[in-house]
Amino acid sequence: MINRNMNHSSLFRTIGLFWLILTGALVQLHAQEQQNDLDSQVNTILSEIVLLDRSGQREYIPARFDAIKTLLEESNGNQTEIHRKVLFEEAKLFTKYGQYARAIGAYEDAIEVQRAIHANEPPSLVDLLNRLSSIHEELGHYQEAITLVREILETRKRELILGDERIIASTTTLARLHRKIGEYGQAETILEEYRRGVVQHREELDISFLPLLYELADLYREIDDFERAEPVYIDALSLVKTSADEKSPTYIPLLIGIAELYLQMGQQEKAQTYLRKVKRKTPDGEIIKPGPTLMSLARLDRANGHFEDAEELYLDGMEYLQSDLRIQTPGFAELQYALASLYHEQGDTAKAKREYESANEVWKNLEGQRVPGYPQTLMGLGVLLMEQGKYKAAIDHFKESKQQWEQTLGKHYPLYLINILDLARAYWKDEQYLLADSLYAEVAELGRIRLTSAAHYMSARELNKYMQKIFDAQAEIISFALDSPEHSLSAQACYDNALFYKGFLLNNAIQIRRKASVDSLGTIQYRQMNYFRRLLASEFEKADTNHILQDRYTFLIDSFERELICVLTLSDSSDLFLQKSWDQVAHSLQPGEAVIEFVRYRSYQDETKDSILYVALVLVPGVTQPHIVPLFNEEVLSYILKPVEERTWKYVKSIYTSDMRGMVRSGPSRATLYELIWKRIESLHLAGVRKIYIAPAGVLHRINLSAIAMTPDSLISDRYTIVNLNSTRQLIPVSQKEEIRDSTVVIFGGISYDSIPDDVYRVVDIQQFSQDISVTQEAFVQKGNRSGTQVQWNYLAGTEEEAFTLAEICDTVQLNYVKYAGTGATESQFKSIGELGDPPSPWLLHIGTHGFFLSDPGPQQTDHMLNTIPAFKEEDQPMMRSGLIMAGANYLQRHAVFTSSNLNNGVLYAEEISHLDFSNTRLAVLSACDTGLGKIQGDEGVFGLQRAFKIAGAHYLIMSLWQLSDDKTTVFMDTFYRKWLAEGESIADAFRHTQHEMRNRFIDHYDWAGFILLE
């Protein structure tokens, strides 16, 4: 019985279980039928939406999506695959219509469903995140986009290998987003860490890395970090070259990016090298979609003057965005700004104003990040308003944009400097002088910071070009200080700028040479750099100049110099480029002393900006700010100085000793040198002053200021002790000064120019040479001058006498000396005494020979043997247009004989001297003609022998301003050396007393005022 009951119970359980299974199957079948029915209904409505979209009946689409959502809710279809599909289609469609709020909501819901159901069918979670981040980026919602991209990146890193192009793309996007909100450090870290990670895993960079490298290089370029931008651009271009793939959409922006980098650095020739490679990669008529390629091509068109092509690109890009209803986006506003700036550049102010204002409205309505586009647009509008005389409205725009920069990208962002310069200018025009004064001082400070930063990376040649880009702002500050009744801060800034910019390259070269001489690795780098400098100089001397070699040597010199700067900066905690201030100079003055910094600048208020003007910045003890004294127009003084004339005694007489003390009368009376240069300074600021430190500028380097006549019977030197300096920053005490380690004297004089020099190892036919020279060396012994601008160089008997007298004095005072004369006074011998390191250079260096300075070649110079050398036809090589003549020069020039070093031809150029080390040399005496002359180049002064010896490290220089008579020069040198070495006077006193004695003895300026002493 029990067993029977148990069998019935088991049967009932079995039947029950079967019934449950059957019921579940029936329910599941019913549910599937319902789901299929739901899917069918949803797909039907989606098909209707597609038809509505195609037919342009977009207004009905939102209602159809709402119908789907209702259907899903009623059928419990939410959080299902079909729900995700609907949300995805809704998001795509509303993105297309520019209805971003609804699109964002749909994507967010789709992502939530995706996370809940873990669907494997497309679209993937990464795809949804990517699309949503793209919308946020387009709208300027960069923080939201960053969060999404970080999740994408983490997901991809778990699934893909490190070098996968999808990881590269996400990394690049993440960095770009950080860059757009001004987080440059974060963006750099992301890109650099990824690049290093790839290298550490020994994965080779391929073309897929191009966007990442471009983003990194462009980031550095945007913030003017040239040192890091250039190598990354070059790495990126190497990838293109290695892969032979120029079809990458990043290639054109890359070429234009590196070209723009070089333009920012002032290196136009390098920029053109890359711009010439840029070609449109799309068929004619095809619209280039908005993005880096479009903007890069438009910038290229503008740079080439193809404004219509640039306009077409901007308009096409705007039309493309308008068709997708994407007009309320940063991308559209950026295109409008670019178009406005194009119209502004062309002078179409009406169109420019319209586009600026339209872009400005877009930026105002955006909820996301608006920098740099918004403040940049405000600046454009401000400049337009200022040009129309609406200064107060312009000021409002500039103030708002300034605030935007300060709150986001900071004061060191390049556009901030332009912004405050615009604001200062607007305040000036609106006569708000006090506000303008403080801003101009800030402009000056930021300009110096930018140049200092560049100096830690660029070579001297590159810096020289970069500096030209920032001089206009400095000239404007001077113009303001002269015009404004409130200019305390700007006047101080003017003097600080003079201390900083005047001789900036010269000072850097001196500092680098000094530090290289005491740093073992720096010494090696310096010698390598100088080796290639000498090779380059030798190329300029050849008749068959090899331009490929020139470019190669120039590249190597720049590379070595950059590495040297890096080595010296790392090995020395002190800054190579410390700034000095005006008050430090003022505090160095004693009672009765003054300093005058002459400054040359282009007039800002002159519309043509062609007028070059001069001011004097004057300091006396106890001043609260520098005095600014306006002086003269360079054209006027240049006319008086007659630079095209040979600097003979007639020339000197017309300048210094004519009846009018300054010019030859032609028409109405004109100002004298005293009236132009000195009278206004003296009448205002020199009461009680007896000693004046002077730093000349421009054409003033060609004048002996102390020899200017104040009255027919008195000179400036009668009233003041004048001390010539390269820059008055030399007056600021330094903690460490170089010690003179040796007191050796080296003398060059009595040089033979026609005989074979001692260091020649291969000579031409001696017999033929003897036949060519029909006169003996003695025939050239004459009372000529020491100019090197002759058909041949004659023997100078006076230089032999000088050398003999100086040697006698050295014996008397027990100074060791070495004398090089005749065929032994060779170019190679001179270079050997200036080699970097031990033994140190001589304490006193005397060179009695021919000197030369050649201005730009003209018809009158065509018969001179130097003009057969290409160096003298190279306007951009001023240091190859002046020099000294050494042993065998006539022989070597006529017969092209090579010397032991294969680099010497008997002509010692200033460029070659600048490579040497004369840091132990207390005084270098250049007893030759024209040795103080050279090409005047901006704030860098004279490019010639004086610059060469200063770079090499000589402490004092005695140089000449014109052609000198051999006999009078001998008297001058004999007098000077006896007063200095035998009688114990200081160099400055001995020089001044010598000039005074020569003046009393010979009267004519030509005979006594030709030499100047430069400290």
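These questions and answers look at how the labels used for this predicted model follow from its values.

Residues are numbered from 1 along each chain as its sequence is written. In this predicted model, local features need pLDDT of at least 70, side-chain atom pairs count only at pLDDT 80 or more, and totals for chains, interfaces and linings use all residues, while side-chain values use heavy atoms, with hydrogens and water left out.

Q: Why is the pair of phenylalanine 830 and phenylalanine 918 called tilted?
A: Their ring centres are 5.6 Å apart and their planes stand at 50°, so the pair is tilted.

Q: What makes this pair a tie between separate parts of the chain?
A: Phenylalanine 830 lies in helix H34 (residues 827-833), and phenylalanine 918 is in the loop between helix H36 (910-913) and strand E14 (923-927), so the pair ties together parts 88 residues apart in sequence. Helices (H or I, at least four residues) and strands (E, at least two) are DSSP runs, numbered from the N terminus.

Q: What is the pair of phenylalanine 830 and phenylalanine 949 called, and on what values?
A: This aromatic pair is edge-to-face, with 6.4 Å from centre to centre and 85° between the planes. Phenylalanine 949 sits in helix H37 (residues 945-952) and phenylalanine 830 in helix H34, so here the parts tied together are 119 residues apart in sequence. Both rings also belong to one aromatic cluster, formed by Phe748, Tyr820, Phe830, Phe918 and Phe949.

Q: How do you know whether phenylalanine 830 is buried or exposed?
A: Buried means under 20% relative accessible area, exposed over 50%, partly exposed in between (1.4 Å probe, protein chains only). Phenylalanine 830 has a relative accessible area of 0%, so the word is buried. Phenylalanine 949 also has 0%, so it is buried.

Q: Is histidine 83 buried or exposed?
A: Histidine 83, in helix H3 (residues 81-96), has a relative accessible area of 11%, so it is buried. Not counting residues up to four places away in sequence, histidine 83 touches Leu72, Gly77, Asn78 and Val113, where contact means heavy atoms within 4.5 Å.

Q: Why is strand E4 called largely enclosed?
A: Four of the five residues of E4 (residues 691-695) are buried, so the rest of the structure largely encloses it.

Q: Which strands pair with E4, and how do you know?
A: Two strands pair if DSSP finds at least two bridges between them. Strand E1 (residues 593-602) is joined to E4 by five bridges, and strand E7 (residues 721-724) by four. E1 and E4 run parallel, and E4 and E7 run parallel too. Valine 595 stands opposite tyrosine 693 in E4, and the bridge partner of lysine 691 is threonine 721 in E7.

Q: What is the span of helix H18 set against?
A: The expected span is 1.5 Å times one less than the number of residues. H18 (residues 391-407) has 17 residues and reaches 24 Å from its first C-alpha to its last, close to the 24 Å expected. Its buried residues pack against helix H17 (373-387), helix H19 (414-429) and helix H20 (433-455).

Definitions and conventions:
Rings of Phe, Tyr and Trp (its six-membered ring) pair if their centres lie within 6.5 Å; planes under 30 degrees apart count as stacked, over 60 as edge-to-face and the rest as tilted.
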